[in-house]
Structures are given as structure tokens and as C-alpha cells.
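I opened this structure for a look through its strands, helices and contacts. My notes follow in the order in which I made them.

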Amino acid sequence: MSYFSDIYNGIKTLLTGMRVTGGHFVRIRSENITQLYPDNRDTLQMFERFRGEVVMPHDENNEHRCTGCQSCEIACPNGSIEIIWDRQVDPATGKKKKMIDKHIYHLSMCTMCGLCISACPTDAIVWAQNYENAVYDRSALTKVLNQPGSKLKAGIEE
Amino acid sequence: MEQLTNNKIKTEEYFINMGPQHPAAHGVLRLLLTIDGEIIKNVDPDLGYIHRSIEKMCERDSYQQIVHLTDRMDYLSSHINNGAVCLAVEKALQLEVTDRVKVIRTIFDELTRIASHLLWWGVMGMDLGALTTYFYAFRDREMINDIFEETCGARLTMNYYIPGGLMFDLHPNFVNRVKKFLVDIKEHLPEYDRLLTGNVIFQKRTKGIGMLSKEDAISYGVTGPVARGSGVHCDVRKTHPYHAYDRVNFEEALLPEGDTFSRYKVRIKEMWESISIVEQLIDNIPEGDIKVPTKAVIKLPKGEFYQRVETARGELGVYINSTGTKNPYRLKFRSPGFSNLSVLNHISKGGKIGDLVAIMASFDFVIPDIDR
């Protein structure tokens with residue numbers, strides 16, 4: 001007797017579960033929750049705080065805000081940031097001043113913890129929202145963040 | 001035929017590897033099984049396949065940098081892990097964070113717990129042959145991931161808590177998103193019950209399987225939903241409240257049976273409790289600062305500090321031994337998964353291989369948490 005009641009219960013609970021999936025199958029057009037990812041690249045917007053990679057914004061005069069204080073380099077837990085700096089003559093004052101030569105960022109080592117950006121006193125580096133970082137050669141992930149020929153924006157002090 | 005009836009066939013126990021790459025093992029856990037037919041005689045977990053020496057790396061890092069390593073232990077409770085280290089450092093510095101920080105941390109911890117349990121629910125169904133559950137759970141987990149991504153910028157490795165407070169303030173959309181999520185999840189959780197909990201096949205595979213008695217749970221140091229499924233009162237949120245847990249009303253999910261199904265029901269009940277905690281706090285997040293200023297280089301006083309929190313898997317303890325410098329002399333994590341794994345051999349002996357899969361699903365192992 002329990003053999004038949006087991007079959008009955010099995011079919012009953014199976015149908016209960018299938019009613020849930022069936023309900024979603026009927027409503028599939030109205031509540032679409034998936035995305036057609038590679039096709040929606042143009043419209044896909046990441047959140048403004050999304051941590052894609054570290055970038056250094058430059059203004060229209062090719063000027064950045066990095067004073068070369070190395071706070072980000074010290075804050076980084078895994079050595080993703082290297083700053084090569086030099087003391088150069090500041091044209092405005094005629095005195096020697098610490099300036100960055102290269103702000104090197106190893107995206108391959110970065111864990112996206114955000115400590116460098118919290119540590120930066122002049123907001124020179126920010127998060128970019130790009131999300132496709134795959135490359136064929138690992139060396140392409142080592143980036144120089146300051147553009148060639150760029151210089152420090154006037155009036156920014158440590 | 002004659003041989004069979006006379007029992008003259010020579011049988012012997014044999015040995016089989018389950019893992020390190022096995023679809024039913026969550027992550028790179030290798031189980032050395034001694035089997036007689038399909039009856040399990042011995043289970044010997046072999047660890048170390050994802051050991052990254054996080055504890056040793058902590059000795060190298062400053063206290064702000066340690067936090068981001070804890071994301072990579074139990075990656076499904078990353079906020080809670082971050083909170084454990086931050087609380088330990090704050091305890092050592094005798095730093096009192098603002099009420100706003102406490103409440104936000106509590107909300108994030110509970111959302112993390114719901115997200116973790118949702119993933120567990122989906123994977124448990126999948127392990128037992130119900131692939132549908134996986135998609136339903138991920139549909140809801142995606143909403144929590146969006147909430148986290150909007151405020152913290154990350155979906156898995158958050159690194160949102162810092163010693164002394166939070167990295168950024170809440171996003172303006174946060175409260176609305178959480179309220180919408182609460183409405184949706186309360187509709188969807190009963191759906192889960194119809195889909196899986198009531199299913200006869202699921203119940204037959206979980207009821208009475210993997211019995212863990214209360215005494216064994218205590219003596220093996222099992223914590224979290226696994227221990228509460230055996231009736232052990234061990235919720236750190238109740239026994240040693242931290243964050244804002246002392247000001248919310250919630251019930252500790254306790255069931256006395258101790259089988260796989262009771263561990264399942266404990267987690268479902270915990271999701272409801274977490275929803276109720278978030279509901280109590282979401283409307284009255286106090287105003288205030290999001291961080292108490294700390295020195296750029298945090299130096300803890302000389303001594304030993306211990307803080308424990310309740311992650312989605314059990315009790316996570318952080319032990320810091322400081323000699324007064326900017327790095328810890330020794331930092332030890334008491335991870336819930338490691339202690340829970342120790343009882344696996346005891347409760348799966350005598351069962352079938354299929355039972356072992358069900359038991360492992362109910363334990364909700366995260367292997368990077370066990371290996372660190």
C-alpha cells in the first residue's frame with residue numbers, strides 16, 4: 001500500500017515543483033532577468049563605483065594631479081604600483097621639486113582592494129569602469145598611467 | 001550462481017579519490033574514501049590544494065592591508081570576514097565606531113548571509129540532482145550582488161570595511177534597492193519550499209542521513225548552521241553580540257534532529273531571520289560619520305587580541321599577537337569550515353557515496369576557507 005502512496009506523493013510533489021517552473025515559463029517575456037552579454041556591450045553600464053582598473057585622469061592640457069608622494073605605492077598590499085620619480089626644476093618657481101617620471105601599474109597583480117585610491121591625498125588616481133581586461137600577452141597588463149609628456153597640474157601640493 | 005549463494009566471491013575494501021576536481025565537491029577538496037561496495041568505511045580529507053598562506057602574508061601586511069586578504073578565505077561571507085579583522089583591530093585600539101557604522105555593518109553582514117545561503121541552497125539542490133534550484137537562487141543572489149556592487153564597487157571580494165569604519169558611505173540608491181530586494185525575496189522563499197523542500201526525492205535523500213548528535217557536535221568543535229541543526233546553542237550573534245546585534249530582535253534557528261534535512265531547514269530559517277534583521281534596521285540607519293580617523297600607520301599595543309564573529313558557515317575567530325609594531329607578530333584565523341570538516345568522517349561512515357554528497361552539500365564547505 002505504501003508503494004502506491006509513495007508513487008502518488010512523488011508525482012504530487014513533482015507537479016508542485018513543476019507548477020513553479022511552469023509559472024515562470026509562462027511569464028518569461030515580462031520578467032527577463034538575463035542579459036545577452038557580448039551583444040549588449042554598447043548599452044551595458046557598470047555602476048559608478050565599480051572597480052575595473054586604476055587610471056589617472058588627465059585634463060585637456062595633458063596635466064594630471066599626481067605629485068609623486070608614493071602614498072599609493074606604500075598602501076598597495078601586493079606591489080602593483082611602482083612610481084619612478086625625479087627632482088626636476090619647477091618652471092613656475094625655479095626650485096627643484098619631486099615629480100613623477102612614470103607611474104607604473106601592474107594590473108596583473110592588482111586585487112582591486114582600493115587602498116591606493118583611498119590613500120591618494122590629491123585624488124590623482126580613480127577607478128575606471130571597464131570590465132574586459134583579458135589580453136593575449138601578460139606584459140600588456142603593465143601600464144604606465146601618466147601619459148607621455150604630461151605634467152603636474154599647477155597648485156596641487158602634497 | 002552457486003558461487004554467489006555460497007558467498008565465495010572474494011571481496012575487499014578498495015580506495016577511491018573523490019576530488020580534488022569533482023563536480024559534487026565544492027572546490028578543490030580531495031577526499032580519500034575507503035569503500036566496501038558502496039558503503040563508506042573511512043573518509044580522509046586531504047587538504048592543501050588551495051593553500052595560499054594567508055596567515056603568513058598577514059605577518060607581512062599592515063592592518064589595513066590584512067582586511068583584503070580575508071575576502072579570499074570564505075569568499076561567500078567576505079563582508080563578515082572583513083568585519084572580524086576590523087573588530088579585532090578596533091578592540092585592540094579601544095576604538096568605538098559610530099552607530100551608523102555599526103548598523104551599516106550589520107545590514108551588510110546579514111545581506112551577505114542571505115547571499116551565501118542562497119548560493120548554498122542552489123548548489124545543494126544541484127548536488128542532489130535538481131539543477132533548477134541553481135538558477136532560482138542565482139536570480140535572487142544577483143540582486144544582492146547589485147546592491148553590493150553599487151555601494152562597494154565589487155561583487156565578491158568587497159574590502160568595504162576598514163579598521164575604524166567603512167571605506168565609502170552608502171550609495172543614495174541603497175535603501176530603495178534593499179527594500180525592493182526584501183519584497184522580492186519574501187515572495188521567492190516560499191517558492192523555494194514548493195520547489196525543493198517538499199519534494200519527496202529530496203526528503204528521502206536527506207532525512208535521517210548524516211546524523212550528528214549534540215554531544216558529537218560539541219566535542220568536534222562544530223559551529224554554525226551545522227551545529228544548530230543538532231540543537232547546539234552557538235550563534236555568536238546571540239552569545240557574544242557585536243556590531244548592532246544587541247539592538248535587533250531575532251531568533252536563533254535551532255533544530256534538534258541533527259540530520260541533513262534539519263541542517264537544510266536551519267539555513268532556510270536563518271534566511272528568514274536575516275530578512276527580519278535587515279527590515280528592522282533599514283528604516284532607521286542613524287546619521288553620523290562613516291569612519292573614526294585612525295593613524296595612517298596603525299600600530300597595535302603589545303598583547304594578544306581575539307575577536308569572533310558568526311559567518312554564514314559558523315564561528316570565525318581572529319587571533320592577533322602583536323609586539324607593538326605595524327605588522328602582527330602572528331595572526332591566526334579559526335575558520336568554521338576546518339572544524340566542521342573534522343566531523344565528516346564520523347558522520348558519513350556506514351553511509352553510501354550518494355549520502356556523502358548530500359552531507360557535504362549540507363555542510364556548505366568553502367575550501368579556500370578551510371585551507372586559507
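**Entry 1: the hairpin strands of chain B**

I call a residue buried if 20 or more other C-beta atoms lie within 10 Å of its own, exposed if 12 or fewer, and partly exposed in between, with C-beta atoms placed from the backbone. The model is a predicted one, in which local features need pLDDT of at least 70 and side-chain atom pairs count only at pLDDT 80 or more, while totals for chains, interfaces and linings use all residues. Residues are numbered from 1 along each chain as its sequence is written, and chains are lettered from A and ligands numbered from 1 in the order in which they are written. Helices (H or I, at least four residues) and strands (E, at least two) are DSSP runs, numbered from the N terminus.

I then looked up the partner of S1(B). Strand S2 (residues 30–36) of chain B pairs with S1(B) in the antiparallel sense over five bridges; two strands pair if DSSP finds at least two bridges between them. B:Ile16 stands opposite B:Leu33 in S2(B).

S2(B) also pairs with strand S3 (residues 39–46) of chain B, in the antiparallel sense and over seven bridges. There B:Ile35 has B:Ile40 in S3(B) as its bridge partner. S2(B) and S3(B) form a hairpin with two residues between them, and B:Gly37 in the turn has a positive phi of about 65°. I noted for background that strands of a sheet pair through backbone hydrogen bonds, either parallel or antiparallel.

**Entry 2: a sheet of three strands in chain B**

I found an open, antiparallel sheet of three strands in chain B, in the order S6-S7-S8. Strand S6 (303–310) and strand S8 (330–334) of chain B are at the edges with a single partner strand each, so one side of each has no neighbour in the sheet. The twist averages 10° from one strand to the next. Strand S7 (residues 315–322) of chain B pairs with S8(B) over five bridges in the antiparallel sense, and B:Val318 has B:Phe333 in S8(B) as its bridge partner.

Helix H4 (residues 78–93) of chain B lies across S6 and S7 of chain B and runs at about 145° to S6(B). Axes here are lines fitted to C-alpha atoms, for helices over the stretch in contact, and angles run from 0 to 180 degrees between N-to-C directions.

**Entry 3: helix pairs in chain B**

Next I checked what packs on H4(B). Helix H3 (residues 63–70) of chain B packs with H4(B) at an angle of about 155°, their axes 8 Å apart. That makes H3(B) roughly antiparallel to H4(B); angles under 35 degrees count as roughly parallel, over 145 as roughly antiparallel, 65 to 115 as roughly perpendicular and the rest as oblique. The crossing of H3(B) and H4(B) is right-handed; a crossing is left-handed if the near helix is turned anticlockwise from the far one by less than a right angle, and right-handed if clockwise.

In this pair B:Tyr63, B:Ile66, B:Val67 and B:Thr70 of H3(B) meet residues of H4(B), among them B:Asn81, B:Val85 and B:Val89. Residues are in contact if their C-beta atoms, placed from the backbone, lie within 7 Å. The contact of H3(B) with H4(B) has seven nonpolar, three polar and no charged residues. Ala, Val, Leu, Ile, Met, Phe, Trp, Tyr, Cys and Pro count as nonpolar, Asp, Glu, Lys and Arg as charged, and the others, Gly among them, as polar.

For the second pair, I took helix H7 (residues 174–197) and helix H12 (residues 260–282) of chain B, whose axes come within 11 Å and cross at roughly 150°. H7(B) is therefore roughly antiparallel to H12(B). Their crossing is left-handed. The contact includes B:Val178 and B:Leu182 of H7(B) and B:Trp272 and B:Ile275 of H12(B). By class it has ten nonpolar, no polar and three charged residues.

**Entry 4: B:Glu110**

Is B:Glu110 buried or exposed? B:Glu110 counts as buried because 28 C-beta neighbours lie inside 10 Å. B:Glu110 is in helix H5 (residues 99–127) of chain B. Leaving out residues up to four places away in sequence, B:Glu110 touches B:Ser274, B:Ile277 and B:Val278.

How values were computed. Contact = placed C-beta atoms within 7 Å.
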